[in-house]
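Subject: Structure for you to look at

Hello,

Here is the structure I said I would pass on. My notes follow below it.

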Amino acid sequence: MLLYSSICPDEYTVMKVFLISIVALLTLNVKAQEEKKIVKNTFRGGRVLNGESVETPSKDNLNFIIVHKFSDLSQGFYDFFGLDEAEIRLGFDYGITENLSAGIGRSGYQKTYDLYSKYKFLEQEENGLPLSATLHAGAFFNTLRNIMPTNFDTFSGRSSYMGQLILARKMGHKLSVQATAGLLYEGYSFSEFDANYSMFSTISTRFRLTRIIYIAGEYSYITGISEVQEYPYAIGFNLDTGGHLFQLIFSNSQATHSKSMLTDTFDSWTEGSVYFGFNLVRTFYL
Amino acid sequence: MKRILSIWWLMFIATMVFAQNYKSNENRIWFYSEAPLENIEATTNKVYAEINYETGSVYVKVPIESFVFDKELMQEHFNDQYLESWKYPLAEFSGSIVEYIKGEVHKEKSYKVKGNLTIHGVSKSIETDVKIAKTNELFVGTLITKIQLSDYKIKIPRMVIQNIAEVVDVTILLNLSR
């Protein structure tokens, strides 16, 4: 006991050590709470089904996208249920940064070239920001010959532009929902689409069935459509494997890009017209 | 007052003298899968490990989300589809060194370590080799083992069977201090 009292420090030293250790414990605790986890995989690939999704490719990832839409299933056995005719779009989507992407593509439909860019300016966080948000801007140019009326056979007559705000939220680990609102300008309309300018909105959802299979649905509304046109909708399945994403789509629209999806849809499932198609997205790491 | 403070001081000293646990938050794990179409590997620096110098007991804990892959999409699939890390965020090993004699670890030596490994919510009793050496303040070790994915209910879809090995090589590098 005597030996112990000789090595025991005075009260002030003990108090100092005590206070310093309390402060150290508290600061360590506060630091651990600062990192917020970003919610990933709200959707996979740049499209939900026919329309754009909130996602952009990761930095330096190049997505090669093939959109293959067969003709109407109601065509019957002779035309092999529409598989003999198909509309195709080939395109690339590149991640410039984690949040900014640019893409190009070409569709056989009206021989259209399209360019677009997406900027994901909000990312949903676990226990933090409740939404992801992306701005999407696209331009479409048809390059058809001998079809455009003389007045519209110009660069601006052949161009259409679209801008939309995409908001999405992932709920839990299985359900994602998305809503968009946008503006569309059409240089010239082959259909009896009335106005040059229209507003549109798309709502979509994706639900996880198994580790790799999801079911998805999509519905769009657009202002100013004529009697012969229909609002486009689709349901489908996503198969997410390794570096490939397969999206199987059943839709009332044979469109391969979002502008023609909105302006050139004339059929409905109630009339028996169902268009089957698929998107194939392959990710290359550059 | 002086008595309370001196008792507290004694306890404070005691925790330091009796700290026979060598531990660290920054150990490394590297795993490697070799398959016909693709070789996959990932590493993490955020492994917590602890060895008790007196008893030779070993504890390792790693957050699954800390594994870093070259390809971010692969990292997402790893967490989302294979390890389901939102359900099972940690992999743990709890066991002890077989035939441990504390005096002998000052020279690098190979031992067997036996215990329970829990991955993806499934616990399995394993026995594997570890090479350890102890200096005054550090305990270093290398543990190399093979893990059969199906043992831990980690399912490989038939479509990617040529891309992912059924048995994965795992290397754990331990660097522990008091």
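Which side chains meet in a salt bridge at 3.0 Å, N to O? They are those of B:Glu65 and A:Lys37. A salt bridge here is a side-chain nitrogen of Lys or Arg within 4 Å of a carboxyl oxygen of Asp or Glu. Between chain B and chain A the count is four salt bridges.

This is a predicted model, in which local features need pLDDT of at least 70 and side-chain atom pairs count only at pLDDT 80 or more, while totals for chains, interfaces and linings use all residues. Residues are numbered from 1 along each chain as its sequence is written, chains are lettered from A and ligands numbered from 1 in the order in which they are written, and side-chain values use heavy atoms, with hydrogens and water left out.

The interface

Chain B puts 24 residues into the contact and chain A puts in 25 residues, where contact means heavy atoms within 4.5 Å. About 2500 Å² is buried between the two chains, and carbon and sulfur atoms give 62% of that area. Buried area is the accessible area (1.4 Å probe) that two parts lose on being put together, summed over both. Of the area that chain B buries against chain A, 23% is supplied by B:Trp9, B:Leu73 and B:Gln81, more than by any other three residues.

Regards
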